Amino acid sequence: MLSSWLIVLFSLIYLALLFFIAYRVEGSKQKKRSFFQGPVVYALSLAVFCTAWTFYGSVGKASKEGLGFLAVYIGPTLISPLWLFLLRKIIRICKTQRITTIADFISSRYGKNLSLASIITVLCFLGVIPYISLQLKAISDSFDLIISPDFKMKSGSYGLIGDTGLIVALCMALFSIVFSTRKVESNEQHTGMVVAVAFESIIKLFAFLAVGVYVTWILFDGFGDVFSRAFVFPELRNLFVVQQQFGYSDWLWIALLSGIAATLLPRQFQLAVVENTDESHLKHATWLFPLYLLLINIFVLPIALSGGMMFPGNGVNGDYFILDIPMQMNQKALALLVFIGGFAAATSMIIVDTIALSTMFSNHIAMPVLLGSDYRIKNPLFDLSRFLLNSRRLGILVILGVAYAYYHYISKYYSLVSVGLISFVSIAQLAPAIIGGLYWKKGNKKGALSGLIAGFAIWFYTLVLPSLVGSGIIQSDFVQYGPWGIELLKPNQLFGFTGFSPITHAFFFSMLFNLGLYVLVSLNTKADDKEQNQAEIFVNIFKYEKIMDAAPVWKGQASIPDMESLLANFFGEQRSRNAIRNFSIRNQISSEQEKADPKLVAYVERVLSGIIGSASARIMVASVVKEEEVKLAELMDILRESQQLMLLNRELKRAKSQLELANHRLKEMDELKDDFLATVTHELRTPITSIRAFSEILFDNPELELDDRQHYLQIINKETERLSRLLSQVLDLEKYDSGKQKLLLEEVYVKELIQESINSIKSLADEKKLNLLVDVDPEQLNLILDKDKMMQVLINLLSNAVKFTETGGLIQVSALRRDDQVVLSVKDTGRGIEPEYQELIFDKFFQARNQTIRKPKGSGLGLAICRKIVELHGGTIEVLSEPGKGATFVITLFITD
Amino acid sequence: MDIKGRKRAFAKQKLDSFLVNPYLGAVNQKMKSTKLSFLAFFFFVLLNYPLLSIADKAKLLGGLPVLYIYVFSVWVFFIGLVYRIVNKK
């Protein structure tokens, strides 16, 4: 027994922590938020699927029916990989159409139909509110239990603080109001709430694992010990299996049912779709979510078995074994942790479901009622946005109030599990309309509506009515003998069918009629234009999403001031005007004229949808414009045209960028040409200047000595030679550049090639007393190349080496084969080349342009030509050098067969 | 440009056209979806009657109930496979 004050204190601390987390996250900077909006938080928030029903009820169910309880988690596990494409499509639709509730999703798909949205809202209320009250019951039961001295709940034994359920309901209402009704846009994401829910998921998992570890390894000696001891008791041995009556069929249908529920329950839809910030998070959720389910279930059976051994005879409710065991062992801290874990499981569910349902309430019940009445016309100054927020707050209070009343008056007659599954079956009724709506264009409003109504009617008749028997509202004869004694209509045995448990029975028959009517009615009725348009967009969302802005699915007349005043209802005049101006600029439409562009009207309707739901938005827009129906054929035309326009635009853009690139390259080449010309003319002028100077001297001084005359003529001759060499090199280079130069390929012995090249510079080398070493390996190495051209390269390199090597130095020429490469190198012991020039020396006229560095000893085109020749052979040329230690020119050629 | 360089450039161009191909992503996505659907279906069969009933016996295997071992190991295996498929480039 723990003191009730302690429990209350810890619960309040925990709630304060939740408020604190949500508050801090909401106020945090964008940078930090990116973590909170990451995939792990997303997957953890989806674990809101595990409510108090999982936390307490799984053990309870396992202690009665054995491993059969796992079906509820196997189903979602098997469905979750399908989310990757199923939820992706739903998310994409909701983002482009600004849909924020599951009711709005269905209503929007079937022509933005108001009655469909309202009906689904009512049905969700009926299905989910008992489930919320179940959470209140779990909290209050566990509270009563933990403060009781003998592990037995005393119903109605309220602690010091009065009614626990009521207090919790009020706290949850406060949380939901604070964190969900701050802004009118319901498509605004509530990151604070999501992170708080993810945090609760961690707490409940931690608490459950803590008890599991305690039971398995501290009370017992590991898994084997728990199981082998329980094996002795026949009634516990039966929990090892699912072989109950209806065991396998229950397993199958309940797996299917809970898989659907894990995808479509309002709280799952809210977190998985509305609060999704990035589709790629689905990728991680597909395996993280099943992993979470696995972890939270792994200790269920050991705990149930040890509870069964600890409390033999049915005195203690199995639903609360997880709390009873630590209390029995006087582990107060652990008991407190379990209580908080269960509290977390319950509160997270209550918060998210309340928020989801309250949005439905304000958008699909309150707003339509207001829009349908003439109240707004009589009161033109009526503040719509305040009405919307207040109706959401009211919705939260109503939901929790009804949940509390249900808990107080009715739910005491149930165990935890039954209410949960009843709720699952009700939400499963949405599946045909949603899945059909996503993939089947022919599915229409009448089909969806009739299927839904039939499904819900059967659900109500086969599950809800019988469940009220215990409370005395319904006579037990009704279940036992059927209404008015008609056996074929017995709610648990429709048409006399007895092969299913009540839940499976209700699930099967409701889905049979739901799906059957949806398909049959859809096939036999015609959808109106609006419906067909929406069907086209929903089914082919990936094709159309990009052009939604550009393609207005709307025809008619509207004025810009009217559009502005529509938005002003929720955003104020200034913001609305800005929004409209920004949209106009973005889409290049005029916002000056009085008449509104169809794109603008479509935009305003989408923005309104994000606030009040698509059906209400439709009504508001329709109230101020004169519109015409858009036929499906027209829609297709509009969409196709804008798609083509988009493609054309893209094509144009690509062509433009290519053109720009070509232009850029041309300019570059032009510059290069200019540069080249300038350098060439400069190079030409130097010899011409000296030729002219010396010839003038000769002309002006006929009396010059013969020796002098000879000397000057020799200079003139040399300069002329230099000139013609330069010109022939320039012409050469031009040939290589333009690609006109062809190679005359032949088989050449490398040794011979090197020897002949050396012969032509031998006299120069001897003059400077240089040593020449040649090394060819293998000796018989041969290559296919243009011999003259390659000799030109080698001679150039060799004469450079001779030029730059001091008297008595060493020049090494080598040719080595490495795999499919031949490396030719010319190594000298000259002054070397600075690293920053090692690449530049292969540029045309580099030497000429850098006369400050060294005195020119050539035209400056030699190496440029060498590089051209080597590249034409498919090889590379580079220089390796350390200043002061000589240079090595390396030519790499590839042997090609 | 030499032969090798040309080959390299060609390969790069091919790679680029692959990377920017807007349909490639969709094809990949579709492939993954098919794999995941098949996986879900296959494990649905593994975890249902009649295969489930093979392990559904009140017996211990190495100290653990047979069904407990079967369901949880198939479960772990399933999660591992889903992880591999969704994270494949």
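Let me start with a helix on a sheet. Helix 37 of chain A, residues 862-872, lies across strand 8 and strand 9 (887-894) of chain A. The helix runs at about 130 degrees to strand 8 of chain A. Keep in mind that this is a predicted model. Its scores are ipTM 0.78 and pTM 0.71.

Now the sheet itself. Five strands of chain A form an open sheet, in the order 4-6-7-9-8. The pairing is mixed. Which strands sit at the edges? Strand 4 (771-777) and strand 8 (876-881) of chain A do, and each pairs on one side only. From one strand to the next, the twist averages 15 degrees.

In general, strands of a sheet pair through backbone hydrogen bonds, either parallel or antiparallel. Here is one pairing from this sheet. Strand 6 (residues 810-818) and strand 7 (residues 821-827) of chain A run antiparallel, joined by seven bridges. A:Arg818 has its bridge partner in strand 7 of chain A, and that partner is A:Gln821.

Helix 34 of chain A, residues 750-767, lies across strand 4, strand 6 and strand 7 of chain A. Against strand 4 of chain A, helix 34 runs at about 175 degrees.

Next, the aromatic rings. A pair of aromatic rings is described by the distance of the centres and the angle of the planes. How many aromatic pairs are there over all chains? The count comes to 42. Take A:Trp287 and B:Tyr83. Their centres are 4.6 Å apart, with 85 degrees between the planes. Over 60 degrees counts as edge-to-face, so this pair is edge-to-face. A:Trp287 lies in helix 15 (residues 281-297) of chain A, and B:Tyr83 in helix 4 (residues 66-87) of chain B, so the pair joins two chains. Are the two partners buried or exposed? A:Trp287 is buried, at 17% relative accessible area. B:Tyr83 is partly exposed, at 39%.

Compare a pair inside chain A. The rings of A:Tyr404 and A:Tyr407 have centres 5.8 Å apart and planes at 50 degrees, so this pair is tilted. Both residues lie in helix 20 (residues 384-409) of chain A. They are three residues apart, about one turn of the helix. A:Tyr404 is buried at 15% relative accessible area. A:Tyr407 is buried too, at 3%.

There is also an aromatic cluster in chain A. Its members are A:Phe49, A:Trp53, A:Tyr73, A:Trp83, A:Tyr131, A:Phe289 and A:Phe424.

Last, chain B. The secondary structure of chain B is four helices and two strands. From the N terminus on, the order is α-α-α-β-β-α. Chain B has 89 residues, and 28% of them are buried. The accessible surface of chain B is about 6100 Å², with 71% of that belonging to carbon and sulfur atoms. Take contacts in chain B between residues at least 6 apart in sequence: 57% of these join residues at least 24 apart.

And the confidence? Chain B averages a pLDDT of 75, and 69% of its residues score at least 70. Which elements of chain B have the lowest and the highest mean pLDDT? Helix 1 (residues 3-20) has the lowest, at 54, and helix 4 the highest, at 89. Over residues 17-24 of chain B the pLDDT is below 50. Beyond near neighbours in sequence, that stretch has one contact in the model. Where pLDDT is low, the predicted coordinates should not be read in detail.

How values were computed: Residues are numbered from 1 along each chain as its sequence is written. Chains are lettered from A and ligands numbered from 1 in the order in which they are written. This is a predicted model: local features need pLDDT of at least 70, side-chain atom pairs count only at pLDDT 80 or more; totals for chains, interfaces and linings use all residues. Side-chain values use heavy atoms; hydrogens and water are left out. Rings of Phe, Tyr and Trp (its six-membered ring) pair if their centres lie within 6.5 Å; planes under 30 degrees apart count as stacked, over 60 as edge-to-face and the rest as tilted. Buried means under 20% relative accessible area, exposed over 50%, partly exposed in between (1.4 Å probe, protein chains only). pLDDT is the predictor's confidence in each residue, from 0 to 100. Contact means heavy atoms within 4.5 Å. Accessible areas come from the Shrake-Rupley method with a 1.4 Å probe; for residues, only the protein chains shown count as cover. Two strands pair if DSSP finds at least two bridges between them. Axes are lines fitted to C-alpha atoms, for helices over the stretch in contact, and angles run from 0 to 180 degrees between N-to-C directions.
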